[in-house]
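This briefing covers the strand arrangement, a helix packing contact and the confidence of the model. The points are grouped by topic.

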Amino acid sequence: MILAELEVYHSRPVAPTRRVALGTSLLPVDPPPGFGGILLGGIAANYVGAIDPDLIGDLTKLTTQLEHGMRVPQPRLRYRFQTDTVGLQRTRNRLIGHGDELSFSFDDASADPAQQVLGAVYAAGQLPLRVRGAVMGSVRRGIGWQGPVGPDLVAALAGFDRGQSRSAEALSHPVAWALRILELNGASGGSNGAPVTSRAAGPVAATVQRQYRRLLIEAHPDHGGDRDDAAQRIADLTEARRILLG
């Protein structure tokens, strides 16, 4: 299942004029950075290693300019960004979901790496201001990523730590996922009736903390938890508590 997609139009690598444009995109960003932000950060991580290191400073500056809606002089990274796609080649990059597993699909047969990264950065810069900062943050994490393009990258782009949950549910519906992990799906709140998803201090926070401690003990192998699954279970519980309490 395609969760996010970006079309990048570009000149041929050997063409005398260097051009980049955007085509159709599917970039869901709610809650930010969303699947769209993960895809754009993944594109950056996949291609940035092949870009001239002397251009990385300009690339990072470009992300800041676009994030804040500033004027962007052209060309950037030796490529000119335009809206016209006539005469340009097209590549597609996708984030694919297989159940709860996420993976990237990169179409890099004909594009220069700088063209792909610029496409991701400009796509982030065209998003609504309310989500642009979070998505551009994922792009910058991709630019600075050191490691394979795999599950740990997906987790980092979504704002999780290494080893923490990166399921499709956790990324697209974090509060619902956190409630399920802490077995609070049917909870109406604390003794005062406040919703358990509130970040306010008091009975609500106490309910979440109490449930977290109880499940943490149960997950530990010394108390009967599955030894093979204990690390992931503890990581999930910790992340669920963070989502609900901040």
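**Sheet, helix pair and confidence**

Asn-93 stands opposite Phe-106, a residue of β5. The model is predicted, with a mean pLDDT of 85 for the protein. An open sheet of 5 strands and a contact between helices α1 and α4 are described below.

**Sheet order and edges**

- The strand order in the open sheet is β3-β2-β1-β4-β5, and the pairing is mixed.
- The edges are held by β3 (80-81) and β5 (101-106); each has a single partner strand, so one side of each lacks a neighbour in the sheet.
- Strands of a sheet pair through backbone hydrogen bonds, in either a parallel or an antiparallel sense.

**Strand pairs**

- β4, spanning residues 89-98, pairs with β5 in the antiparallel sense, and this pairing has 6 bridges.
- An antiparallel pairing over 5 bridges links β1 (residues 2-10) with β2 (residues 19-26).
- In that pair, His-10 stands opposite Val-20 of β2.
- β2 and β3 run parallel and are joined by 2 bridges.
- Val-20 also stands opposite Phe-81 in β3, so this residue of β2 faces His-10 as well as Phe-81 under the pairing of strands through backbone hydrogen bonds.

**Packing of α1 and α4**

- Helix α1 covers residues 34-47 and helix α4 covers residues 129-143; their axes come within 7 Å and cross at roughly 25°.
- Because angles under 35 degrees count as roughly parallel, α1 and α4 are roughly parallel to each other.
- The crossing of α1 past α4 is right-handed.
- On the α1 side, the contact is made by Gly-37, Leu-40, Gly-41, Ala-44 and Ala-45.
- On the α4 side, Val-135, Ser-138, Val-139, Gly-142 and Ile-143 make the contact.
- By class, the residues of this contact are 6 nonpolar, 4 polar and no charged; the polar class takes in Gly.

**Confidence**

- A pLDDT of 70 or more is reached by 87% of the residues of the protein.
- The pLDDT is below 50 over residues 188-194, a stretch with 13 contacts in the model beyond near neighbours in sequence.
- Residues 197-203 also have pLDDT below 50, and this stretch has 14 contacts in the model beyond near neighbours in sequence.

Technical notes:
Residues are numbered from 1 along each chain as its sequence is written. This is a predicted model: local features need pLDDT of at least 70, side-chain atom pairs count only at pLDDT 80 or more; totals for chains, interfaces and linings use all residues. Side-chain values use heavy atoms; hydrogens and water are left out. Two strands pair if DSSP finds at least two bridges between them. Helices (H or I, at least four residues) and strands (E, at least two) are DSSP runs, numbered from the N terminus. Axes are lines fitted to C-alpha atoms, for helices over the stretch in contact, and angles run from 0 to 180 degrees between N-to-C directions. Angles under 35 degrees count as roughly parallel, over 145 as roughly antiparallel, 65 to 115 as roughly perpendicular and the rest as oblique. A crossing is left-handed if the near helix is turned anticlockwise from the far one by less than a right angle, and right-handed if clockwise. Contact means heavy atoms within 4.5 Å. pLDDT is the predictor's confidence in each residue, from 0 to 100.
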